[in-house]
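Please brief me on this model.

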Amino acid sequence: MKYIVKRVLLAIPLIIVMTFIAFLIMKLAPGDPANMYMDPSVSAQDVIQLKKNLGFDKPVGIQYVIWLKNILKGNMGYSYITSKSVFASITERLPATLLLSVSSMLLIIISTFPLGIIAGAKKGSFFDNAVTVLSFLGLSIPTFWLGLMFILFFSLKLDLLPTAGFMNPSLTNASFLIKAFDIGKHMLLPLLTILIGGLAVLTRYHRSGIINILEMDYIKAARARGLSETRILFKHAFKNAALPIITILGLSLPGLIGGSFIIEYIFSWPGMGQLGVSAIFARDYPILMGTILFSSALIIMGNLLADIAYAWIDPRIKKS
Amino acid sequence: MKLAKMSWSFKLSAGFLALIIILAIIIPMFSNLDPNGFDPNCIGEPAAPSIRHIFGTDDLGRDILLRLIYGARVSLTVGLVSVGIMIFVGIFVGTIAGYLGGWVDELIMRFVDVFMAIPTIFLILTIQILLKPSIYNVMFVIGLTSWTGVSRLVRAEILSIKERPFITAAYARGISHLRVLIKHILPHALNPIIVASMLGMGTAILTESVLSYLGLGIQPPHASWGNMLENSLSFMIDAPWMAIAPGVLISLTVLSLNFLGDFLRSGLNPRESK
């Protein structure tokens, strides 16, 4: 319990610094937000009044405090382009992002264990070499390009899957199952793209973890006791090698989330990432800042969960 | 590390990288071919790969192979310079944190934590739109956002070494702190730094390609692997070769760097090589 509290307390300054960085980005943004709301015909006096309303006449420190208070109330400002509230724009896109990222995360975890175990246990075999080469490829191919190639091949050439989007708009009134199937069809390619990029790091770690553990004394002892190789692998080695994967997963969250944002953009997946990337092109700083804040908060929470899960599974952590 | 013991992946990677580097240096030096020059026979429409243009031409009739070679200069330079910045800042910050310890260390490491929790690509994109997109900004932004791993590595190495007897002995002999640091402590961290720079260079090349693909990196008409991809987007169906060649080249280059890094990791670490 003490460990968990300590972890949570450590996350708080993290979040505060994060908000400061987000605020700084807003402040450094070129062009005056007040000017973006209006056309040139508005009088100078009105501009000053508007700046006053927006709080731009106060010192930067005070502006930050006011801004932070608003954020805590869920008021993150308004989009320069659509004038919609940033909070609403992001939360309405959160489900699509969570659907994609959580399912890709689950797929990554499910597939990394068998790949890593078999590759590690049969070190030097054909399977191991294949996994090694494939995971290196996964690390090296630009994911956005891979996504484009998938679209080119599966959607444009073979016409098997939709090129982009979330759901066929003609299905709004269809039954839940048909809708789910259609969303799944749209999700397949982005999911595959994220999977290939994300699987590599974890599988490499898992494989070397298994290799290291198989050389430990307690495994030798288990062998000496005559336990079957499968039993040793799955009962003894697997559990210990699986532990560090949780930490690695937590550490690779920023990369995974940042990467899946670009993928969302490529596949026009209506999530937070697509919103953020489009905001970059539109120079829509409030939305951009909101996306950075939200995704960072997601990452910090993910890391926190990883830490807690780790301590829960491995009691040794709490003592150290 | 004898040549015979090196794996085929190492030889292939080293060979491939050497080929790219030599081509990128030599071709522009000894030929007057212009990467922005167009073939009057192919203008207006991308031409498919042929004997005249092995990788085809783009929509303006420019030879893709030639642009890839010129793009290699840009992409490799971006990789090298940004890794240089990454290592310099990483060593600097990691040394201060590990060497001074105490609250300085605590403060720096919390800062590193924050940095590591932000999706770097978003930070880079944001900074790129605040600045003007240029090759220098691309290199600086990538370098200044990727040093956290190196700084942790250097700090950990220093923490584990600074209390060892041979360091205490060095102080006892009256050697200055800076000299102990450079002569005795940093060399111990050298191997992981070399590995990190190989991997970092791959990441930098990937990041450059994303940036340029989104139009926030190297600006046309200069060729970079990333902006060739951006350019290919409107011709995906009719001229897929425009998108395939740069992507394959990026993948193979980064793959080689990763293989080299991995090989050096196991080769430089006696515990893993047995």
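Predicted model: local features only at pLDDT ≥ 70, side-chain atom pairs only at ≥ 80, totals over all residues.

Residues are numbered from 1 along each chain as its sequence is written, while chains are lettered from A and ligands numbered from 1 in the order in which they are written.

**Chain B overall**

- Chain B has 11 helices and zero strands. Helices (H or I, at least four residues) and strands (E, at least two) are DSSP runs, numbered from the N terminus.
- The C-alpha atoms of chain B fill a box of roughly 75 × 50 × 30 Å along the principal axes.
- Chain B has 274 residues, and 45% of them count as buried. Buried means 20 or more other C-beta atoms within 10 Å of the residue's own, exposed means 12 or fewer, and partly exposed lies in between; C-beta atoms are placed from the backbone.
- Among contacts in chain B with a separation of 6 or more, 68% join residues 24 or more positions apart. Contact means C-beta atoms, placed from the backbone, within 7 Å.

**Helices α2(B) and α6(B)**

- The axes of α2 (residues 64-100) and α6 (residues 148-161) of chain B come within 7 Å and cross at roughly 40°. Axes are lines fitted to C-alpha atoms, for helices over the stretch in contact, with angles from 0 to 180 degrees between N-to-C directions.
- The contact residues include B:Gly90, B:Gly94 and B:Gly98 of α2(B), and B:Leu153, B:Val154 and B:Ile158 of α6(B).
- By class, this contact of α2(B) with α6(B) has 11 nonpolar, five polar and two charged residues. Ala, Val, Leu, Ile, Met, Phe, Trp, Tyr, Cys and Pro count as nonpolar, Asp, Glu, Lys and Arg as charged, and the others, Gly among them, as polar.

**Chain A against chain B**

- Chain A gives 35 residues to the contact and chain B gives 31.
- On the side of chain A that touches chain B, α13(A) supplies the largest share, seven residues.
- That side of chain A divides into 28 nonpolar, six polar and one charged residue.

**B:His188**

- B:His188 is found in helix α8 (residues 177-213) of chain B.
- B:His188 counts as partly exposed because it has 14 C-beta neighbours inside 10 Å.
- Leaving aside neighbours within four places in sequence, B:His188 is in contact with B:Glu157 and B:Ile161.
- The C-alpha atoms of B:His188 and B:Val112 are separated by 22 Å, and the two residues are 76 apart along the chain.

Definitions and conventions:
Contact = placed C-beta atoms within 7 Å.
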